Structure formats: structure tokens, C-alpha cells
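Please open the model in your viewer and keep the selection panel at hand. The tour begins at the ligand and then moves out to the sheet.

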Amino acid sequence: MNNVLLSLENVRKRFEANTVLNGISLQVLSGEIFFLLGPSGCGKTTLLRVIAGFCQPDAGRVILDGEDITFRPAWERHIGLVFQNYALWPHLTVWENVAYGLKLRRLPGKFIQERVEEMLKITKLSPQKNLYPPQLSGGQQQRVALARSLIVRPRLLLLDEPLSNLDAKFREEMRQEIKNIQKATGVTMVYVTHDQREALTMAHRLAVMNTGEISQIGSPWHLYFSPENRFVADFVGVMNFLPGRVFAIRAGDIQVETPEGLLVAEVSRNFTVAQPVEVAFRPESVSFRPGQVNIFRATIAETEMGEGVIKVTALTPGGHRLFVNCSLEYGRRLEWGDQIVFSVPPNRVLVFPG
Ligand code: ATP
């Protein structure tokens with residue numbers, strides 16, 4: 001418990017009739033990159049503003065480092081912020097922008113000099129230290145924003161969609177950069193995004209939010225492989241869903257009647273016979289070797305080159321569109337209109353209440 005840095009306890013916020021945060025509780029550990037992931041309007045930014053002190057919750061508590069800061073003004077919280085628009089001083093050089101926070105604190109010149117040089121090194125901005133923000137790329141500007149926030153050694157750094165103004169190539173690069181910077185400084189980050197790829201590649205842990213509530217908290221792989229509900233299953237990664245009805249419950253697995261036939265899933269959740277459900281599986285869970293159960297026959301509607309796989313969209317006789325991944329070796333021989341047969345092992349099939 002003692003490495004919990006930030007704790008939110010049942011935080012609630014309403015804007016008139018609109019309940020934006022409906023009892024949020026979570027804990028962020030010291031030194032981790034914690035993501036708040038969710039669709040637009042789910043309340044991520046509002047939650048970040050509550051943590052920062054720009055928005056007062058109607059109920060609940062914000063505890064930082066063991067101290068209740070719910071009603072502390074923002075400037076006393078010692079929390080850093082990085083937003084999508086970098087808000088740098090255009091008339092100051094990179095060096096001066098980074099030094100700004102220390103100069104405000106009237107610290108000795110030699111101390112400032114050393115700290116700025118160190119921070120420029122960590123953020124790989126030393127070669128650009130005499131340039132002005134308009135002379136920098138978007139990625140470099142965002143690194144200046146990070147350096148400027150980190151130089152005052154905040155207790156916590158909040159990032160709100162910091163990469164959304166960058167084009168795809170810089171975004172990829174910056175993801176790694178931010179991870180490196182976090183490792184070098186050890187700063188705890190709470191990072192808001194609606195981009196699940198960003199969250200999955202960068203987070204130590206993440207909270208998936210849906211309309212003011214937390215759907216699930218865990219590591220990227222935990223949320224990916226063991227989503228607790230349909231919303232997380234759908235929002236994180238690609239998932240195939242089929243409607244169905246529980247046909248039989250046996251020791252260790254259940255059988256579900258679907259438009260594609262009887263499917264078997266090894267699930268532990270409590271279901272009842274005849275209950276409407278949805279069966280789900282990931283594109284990479286399919287096998288093209290002969291299987292005993294969960295066999296699908298489908299027609300290829302589309303193929304697409306992925307990273308190390310060929311992504312196939314296939315149509316079932318029941319009219320369902322399924323996404324399946326196959327090896328480059330196998331997939332390169334497939335064409336539009338071909339018939340494919342694949343199976344899904346019962347331990348890779350998820351079942352959610354319908
Ligand atoms: P996005 O990814 O689009 O930024 P978000 O998940 O960060 O979305 P919020 O910005 O927290 O969502 O907004 C959540 C809801 O709260 C929205 O319906 C928004 O209109 C509403 N909201 C936010 N701030 C205010 C405000 N100051 N006054 C009234 N409503 C607000």
C-alpha cells in the first residue's frame with residue numbers, strides 16, 4: 001500500500017443535469033505511467049482537472065502522497081501539466097523556456113544551469129537549446145513542454161492527449177520518448193487519451209472509462225486478454241462478437257447456440273441456460289489447423305497487410321463479419337472470394353451477458 005502516490009475516492013462531478021464523474025475510485029502507484037482511456041466525453045479531462053485542482057468535485061476525495069488535497073488550490077499541489085497545445089513562450093529559446101520555472105523560484109544561477117542542461121539531455125533537446133519554439137517540429141515542441149514541466153520536479157505529471165497534434169510518425173516516436181523520459185526521471189504520470197493503441201503501448205496500468213465510470217483497471221495485457229465486460233472487450237483491441245443463447249452448462253465450459261452453430265467456451269462466470277449472451281474472440285485467437293470445436297467456414301471479403309500478419313475480413317454464411325489474422329505465409333495465398341476454415345480454441349472464447 002505504501003507506494004500509492006495518488007488515490008481517488010468516490011469522486012463525483014455533475015454539470016447541471018449531466019453526471020460526468022459517477023463515483024470514481026482508483027489508485028496510482030509511485031513511478032508508474034497510469035492511463036485514463038475512454039471515448040470522447042466519458043469524463044477523462046474532467047477527472048484530470050479534478051486531480052490538478054482546476055475543478056472541484058461535488059463529492060469524494062483526492063489524496064496525494066497521503067495528504068487530502070481535495071480543496072487545495074492548484075498552485076499548491078505541485079503537480080505538472082502537459083496538454084496537446086504546448087503553450088511555450090515563442091519569444092524565449094528552448095533553454096529559456098525550460099529554465100523558466102526555476103527562474104521564477106529565484107534559484108541560484110549555477111543550479112539552474114546544471115538542472116536545465118540535465119533536463120535538455122534527458123529530453124534530447126541539447127542541440128536545439130538556442131532555437132525558438134516556432135523553429136521546432138511538433139515533437140520537439142512537446143519535448144520542451146515536458147522538460148519545462150519536469151524541471152521543477154512535480155510530485156505527479158498529468159498529460160492530456162499530449163500527442164494528438166502530431167502526425168502519425170512523430171506520434172510513434174514520441175511514445176517511446178515519453179517512456180524513456182519517464183524512466184530517466186522516475187516521475188509518476190497520469191495520461192489521458194482516447195487512443196487505445198497509445199494506452200496499450202505506453203501504460204504500466206490503465207483505467208478504461210465509460211460515461212463517468214470506470215469499466216476496468218489493470219495492465220494492458222490483463223485488459224486485453226481478460227476484459228471483464230463487453231465495453232472493455234470492444235474498446236481495447238479488435239474483437240469479434242456473435243449473439244447467442246446459453247445452450248448448456250457443463251463442468252468447465254458452456255455451450256452457446258449462435259447463428260454460426262454451437263460454440264464452446266471455457267468460462268467461469270455464472271450463466272444460466274437460455275440466457276442471452278454475446279460470444280467474443282480476438283482475430284489472433286483463430287487457428288487454421290483442423291479443430292474439434294468452434295469451427296467457422298467463411299468467405300474472404302478483404303485482406304490487409306498488418307505488422308507480421310495478414311488481416312482478413314471474412315463473411316460467415318450467417319452474414320456476420322469476422323476479423324481473423326493469419327500468417328504471412330498462409331495469408332499471401334488468399335484472395336477475395338476464397339473459402340477459409342478456422343477454429344477458435346474454447347479457452348480463447350469469451351462470453352458476456354447479452
Ligand atoms: P474528450 O476526449 O472529448 O476530451 P473527455 O472524456 O475528456 O472527452 P470531458 O472533457 O471530461 O470528457 O467531458 C465530459 C462531459 O462533461 C462532456 O459531456 C462535457 O460536455 C461535459 N463538461 C466538461 N466540462 C464542462 C463544463 N465546464 N461545464 C459543463 N459541462 C462540461
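How far from an oxygen atom of the ligand does a backbone N or O atom of cysteine 42 lie? Select cysteine 42 together with the ligand, and the distance between that backbone atom and the ligand oxygen comes out at 3.1 Å, which falls under the cut-off for a polar contact, a pair of N or O atoms within 3.5 Å. Before going further, note that this is a predicted model, in which local features need pLDDT of at least 70 and side-chain atom pairs count only at pLDDT 80 or more, while totals for chains, interfaces and linings use all residues. Residues are numbered from 1 along each chain as its sequence is written, and side-chain values use heavy atoms, with hydrogens and water left out.

Glycine 43 contributes through its backbone, where a polar atom is 3.0 Å from a ligand oxygen. The ligand on its own has 640 Å² of accessible area, of which the protein covers 56% (Shrake-Rupley method, 1.4 Å probe).

Now extend the selection to the residues around the ligand, meaning those with a heavy atom within 4 Å of it; among them are Phe15, Asn18, Val20, Pro39, Lys44, Thr45 and Thr46. Coloured by class, with Gly counted among the polar residues and Cys and Pro among the nonpolar ones, this shell divides into four nonpolar, six polar and one charged. Both β2 (18–29) and α1 (44–52) supply at least two of the shell residues, and α1 gives the most, with three; helices (H or I, at least four residues) and strands (E, at least two) are DSSP runs, numbered from the N terminus.

Next, select the strands of the open sheet, whose order is β2-β1-β4-β5 with antiparallel pairing (two strands pair if DSSP finds at least two bridges between them). β2 and β5 (67–68) stand at the edges with a single partner strand each, so one side of each is left without a neighbour in the sheet.

Strand β1 (residues 4–15) is joined to β4 (residues 59–64) by five bridges, and serine 7 can be found opposite isoleucine 63 in β4. Two bridges join β4 to β5, with leucine 64 opposite glutamate 67. In the hairpin of these two strands, which has two residues between them, aspartate 65 takes a positive phi near 55°.

Key:
Polar contact = N/O pair within 3.5 Å; in protein donor to acceptor, adjacent residues only side chain to side chain.
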